[in-house]
Amino acid sequence: MNRKLTSGFLSILNAKILVSFVGVLSLPFVVRALGADGYGDYAFLMSTFSMLMILVSSGVTEGVQKFVAEERDVAGWREQVLGFYGKLAVALALVGSVLLAGATWFGLVDGLLSPRFRTYFYLLAGLVVAAQLRAFVRRSLMGVGLEKYSESLVVTGKLTWLGVSLGLAWIGYGVAGFLIGKIAASALTAVVGGFVLSRHVSIPRVLRSSAPSFPRRELLSFNGLNIVLVLLLMSLFHVDIVMLRLLGDSTQTGYYKAALALAEYMWLVPISLQTLLLHSTSNLWSNDRREAISELATRVTRYAFLLTALLAIGVYALADRFVPFYYGQAFVVLLEPLTLLLPGALGFALARPLYGINQANGNLRPLIVATGGAAAVNAGLNYALIPLYGMSGAAAATSIGYGSMFVLQVACARYLGYDPLSGLRPTRLLATVAVGAPLIVGLDALVSNTLVAFAVVPAVGFLAFGAVALGTGALDAEELLEAAELLPDPVERGVRLIVS
C-alpha cells in the first residue's frame, strides 16, 4: 500500500481497535445494566433501526464517500457533491423520522410488540435525524481524505454514548437511557465533524444549487442501487436477531447477541479494509487497472485469512474460560452458538474487503445478485432452523450465510474482470491452520489458571502461528516486516528480532 493508503488504513484501523477495546471493557457493564431481557430488547431495537437506516442513509453516505473522492475535471466538483448529498441526507432523515413516529402514534408498535416499546420507538425517530447527520459528516470527511478526523470522532462518539447511557441506566432509565445516549453522541459528533469539514471546503459553495451539468442521474442511480445492496448486506447482520426475537424470546436474543458480539470482533481489520477500499480503489477502476486490483485483492485476502483464522482459533480455545469470566456464568449457554458462528465469521471476514473493491467499480448489479444470494441463503436457513434449534439454529444458519458471501463475492469479482484468488497460496494457508490450531488449543489445555491463560495463550499463540505461517510459506518474511511497519515501535522491533 502506498503512503496515503497506509495512512488512511491506520486511521480507520486504530479507531476501530480503540472502539473495540472500549466495547470489550464496557460490554459486561452494559449487559449487567440492562440484564439479559433488556439487552435482548436493545439488540432488537438496534437491529430494527439499522434496517430502517439502510433506506434513509446508505445511498447517501456511501455515495458521498465514493464520489467526493473522485478527481473529475469539473469546477467545484467536491462542493457540488457535498451540497447534493447534504440536502438529500436531510430530506430522507426527516421523512424517515416522521414515518417512524407516525407508525408509533397510530399504534402499529403496540400491536406488533408491547406498550413499553412505544417510548423506545419515539426515541428511535429522533435518532434517525441525529445518526443521519453524523454518518453524512463522517463519510464526507473520509471522502476528502480526512480519515484521521472522521475516525477520531467515532471514538469520541463511542465514549460519549457510554458515559451518557450508563449514567442514565444507573438512575433507572434502562433501554431508553441507552437510546438517549445514542442521540447525544450522534449529535455531538455531527456538530464537531461539521466544524472540521467547514475548515476544508467552502460552505457557501456547498449550499449553492449544483450546476445544470451536474450528473444528478448518475448519483441517484448509484444511490438507488446501493440502497438495495446495503439492505441485502445488512440483512446478513440483523435478520437472525429479528427472527430470533420474533420466533423466540428476549432472553435467547440477548444470549445470542452476546455470542455475535464476540464473533464480530474478528472483523476489525477486514471492515477497516472494506471502508478504505471503497474510495481508494475508485481511481484504479476509473483507469482500468485490473491487474493492480487483482494483486491488491489477493494480498488483502491472504492477510485477512491468516489474521482472522488466528483470531477464530484463539476464540475457540479460550471461549469456555472467557465467556463466564466476561459475561457471567449464566451466559455459558452461548458457547455452542459461538462455536457454530466461527467458520462463517471467517468466511465473511474474507468477503468484506472484496465487497468494498466490487462496490468501488460502480456497476452494482452483479454485486446485488451476489449479495442477494447470500442474503437469501441466510434468511431461508434462519427461518427453517430457529423454530427447531433456537439460537444454535440461528448461529448455524448465519454461519452458512456468511460463508456463502465469500464464494459469491469471488464470483462477482471475476465477472467484473479481476481475480482475487490468483497467487493466494491456498495449500500453504490451510497447512498453517492445520499445524497452528492444535498448537494453540493444546497450549490452552496445558495452562490450568484462567488469568495466566488469558496472558499466555494469545501471545504465545500469535508467535507460534506466525512462525508456522513463515515456515509454510503462507507469509513471506518481507511481507511480515512490511506489516510490522504499521505497528507501534516496540512491537515492530520484536517482530524484526523474531524474523531475523
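Biologist: What share of the contacts in the chain with a separation of 6 or more comes from residues 24 or more positions apart?
Modeller: Such residues account for 82% of those contacts. Keep in mind that this is a predicted model.

Biologist: OK. How many helices and strands does the chain have?
Modeller: There are 18 helices and zero strands.

Biologist: And how much of the chain counts as buried?
Modeller: The chain has 500 residues, and 53% of them count as buried.

Biologist: What about the accessible surface of the chain, how much is there and what share belongs to carbon and sulfur atoms?
Modeller: The accessible surface is about 21400 Å². Carbon and sulfur atoms hold 66% of that area.

Biologist: Now the inside. Which residues touch the most other members of the largest nonpolar core?
Modeller: They are Tyr85, Leu124, Leu179, Tyr256, Tyr327 and Leu338, in a core of 145 residues.

Biologist: Which helix gives the largest share of this core?
Modeller: Helix α1, which covers residues 3–68, contributes 19 residues to the core.

Biologist: Pick Leu338. What is Leu338 in contact with, leaving aside neighbours within four places in sequence?
Modeller: The contacts of Leu338 are Ala259, Leu262, Ala263, Val315, Ala319 and Val323. As a general point, nonpolar side chains tend to be buried together in soluble globular proteins.

Biologist: Change of topic: how many aromatic pairs are there?
Modeller: The count is nine. One of them joins Trp161 and Phe178 edge-to-face, with 5.7 Å from centre to centre and 65 degrees between the planes.

Biologist: Why does that pair tie together parts that are apart in sequence?
Modeller: Because Trp161 lies in helix α5 while Phe178 lies in helix α6 (residues 174–198), the pair ties together parts that are 17 residues apart in sequence.

Biologist: What about Phe322 and Phe454, how are they arranged?
Modeller: Phe322 and Phe454 form an edge-to-face pair, 5.9 Å centre to centre and with 75 degrees between the planes. This pair links distant parts of the chain, 132 residues apart: Phe322 is in helix α12 (residues 290–326) and Phe454 is in helix α16 (residues 450–472). Phe322 is partly exposed, at a relative accessible area of 26%.

Biologist: Back to Trp161 and Phe178. Which cluster do ring pairs link them into?
Modeller: A cluster made of Tyr42, Trp161 and Phe178.

Biologist: Why does Trp170 count as exposed?
Modeller: Its relative accessibility is 75%, and exposed means over 50%.

Biologist: And Ser404, where is that?
Modeller: Ser404 sits in helix α14, which runs over residues 365–416. Ser404 is buried, with 16% relative accessible area. Not counting residues up to four places away in sequence, Ser404 touches Ala374 and Val377.

Biologist: Last one. What is the phi of Arg425?
Modeller: Arg425 has a positive phi of about 65 degrees, although it is not a glycine. Arg425 lies in the loop between α14 and α15 (426–446), and at 23% relative accessibility Arg425 counts as partly exposed.

Notes:
Residues are numbered from 1 along each chain as its sequence is written. This is a predicted model: local features need pLDDT of at least 70, side-chain atom pairs count only at pLDDT 80 or more; totals for chains, interfaces and linings use all residues. Side-chain values use heavy atoms; hydrogens and water are left out. Buried means under 20% relative accessible area, exposed over 50%, partly exposed in between (1.4 Å probe, protein chains only). Helices (H or I, at least four residues) and strands (E, at least two) are DSSP runs, numbered from the N terminus. Contact means heavy atoms within 4.5 Å. A nonpolar core is a set of buried Ala, Val, Leu, Ile, Met, Phe, Trp, Tyr and Cys residues joined through side-chain atoms within 4.5 Å. Rings of Phe, Tyr and Trp (its six-membered ring) pair if their centres lie within 6.5 Å; planes under 30 degrees apart count as stacked, over 60 as edge-to-face and the rest as tilted. Accessible areas come from the Shrake-Rupley method with a 1.4 Å probe; for residues, only the protein chains shown count as cover.
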